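Work through the exercises below with the sequence and the 3D structure at hand. Try each task before reading its solution.

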Amino acid sequence: MSHEVHTRHRPFALLIGLLAAVGIVLAGAPAWAHDELIGSDPAAGAHVDALPTKITMTFSGVLMDEPGATDVVVTDAAGTDLTSADPVLDGTRLTQELSGSATGTITVIWRVVSSDGHPVSDQFTFTVGDGSAVAPTASAPSPSASADDADAQDASPAVWIVVGVVVLIALIGTFVALSAAKRRRSEH
Ligand SMILES: [Cu+2]
């Protein structure tokens with residue numbers, strides 16, 4: 001996004017800045033918060049011995065359970081679908097049953113509707129089998145998987161609100177400037 005400020009329009013730029021600031025404050029209100037994936041089993045990036053019979057995902061808020069709102073796609077490296085039923089949503093927990101004995105990199109693509117009514121989606125992978133020469137670690141798999149990719153989405157609401165406010169003000173400003181120019185022209 002360009003932050004160019006034309007000196008001729010300095011008061012206008014100041015107005016945009018003020019309104020953008022208001023937008024940022026509004027964006028911080030809880031009503032704008034999206035639910036995010038806070039953990040899964042298997043965790044993102046985990047190595048497991050065999051394909052589990054199900055994947056569970058835990059979200060930061062109670063998701064909206066509407067027809068078609070929730071979707072989970074689980075595939076192996078070849079793109080084979082591994083799901084064996086529709087995903088089951090229970091409050092903050094989403095469960096997807098799997099079938100088969102796929103190995104290698106498993107990709108989980110999910111889409112849910114956040115408690116604020118907005119769709120949220122992302123994906124993560126985990127690995128079944130040792131795949132390569134990677135020695136399995138003796139420790140237990142860590143149950144708390146942070147969804148790294150989800151963080152990137154968190155910033156977007158505030159940014160888009162600011163962009164929206166700036167665009168709106170720019171449109172109003174353009175309209176006002178054009179009307180003023182037209183008025184001036186007709187006066188002479
Ligand atoms: Cu939202």
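Strands are DSSP runs of at least two residues, marked E and numbered from the N terminus. The model used here is predicted.

**Exercise 1.** Find where Thr70 lies and decide whether Thr70 is buried or exposed.

Solution. Step 1: locate the residue in the chain; Thr70 is in the loop between E3 and E4. Step 2: apply the cut-off, which is under 20% relative accessible area for buried. Thr70 has a relative accessible area of 17%, so Thr70 is buried. Step 3: list the contacts, leaving aside neighbours within four places in sequence; they are Met64, Pro87, Leu89, Leu94, Arg111 and Val112.

**Exercise 2.** Give the order of the strands in the open sheet and explain which strands stand at the edges.

Solution. Step 1: the order of the four strands is E2-E8-E7-E4, with mixed pairing. Step 3: look at E7 and E8, which pair in the antiparallel sense over 10 bridges. One example is Val108, whose bridge partner in E8 is Phe124.

**Exercise 3.** Which residues touch the most other members of the largest nonpolar core?

Solution. Step 1: this core has 24 residues, and Met57, Trp110 and Phe126 touch the most other members. Step 2: the elements giving two or more residues to the core are strands E3 (54-59), E4 (71-75), E7 (104-113) and E8 (119-128). Step 3: take Trp110; not counting residues up to four places away in sequence, Trp110 touches residues including Leu37, Met57, Phe59, Val72 and Phe124.

Technical notes:
Residues numbered from 1 in each chain as written. Predicted model: local features only at pLDDT ≥ 70, side-chain atom pairs only at ≥ 80, totals over all residues. Heavy atoms only, no water. Core = buried A, V, L, I, M, F, W, Y, C linked by side-chain atoms within 4.5 Å. Buried < 20%, exposed > 50% of the residue type's maximum accessible area, 1.4 Å probe, protein only. Contact = heavy atoms within 4.5 Å. Pairing = 2+ DSSP bridges.
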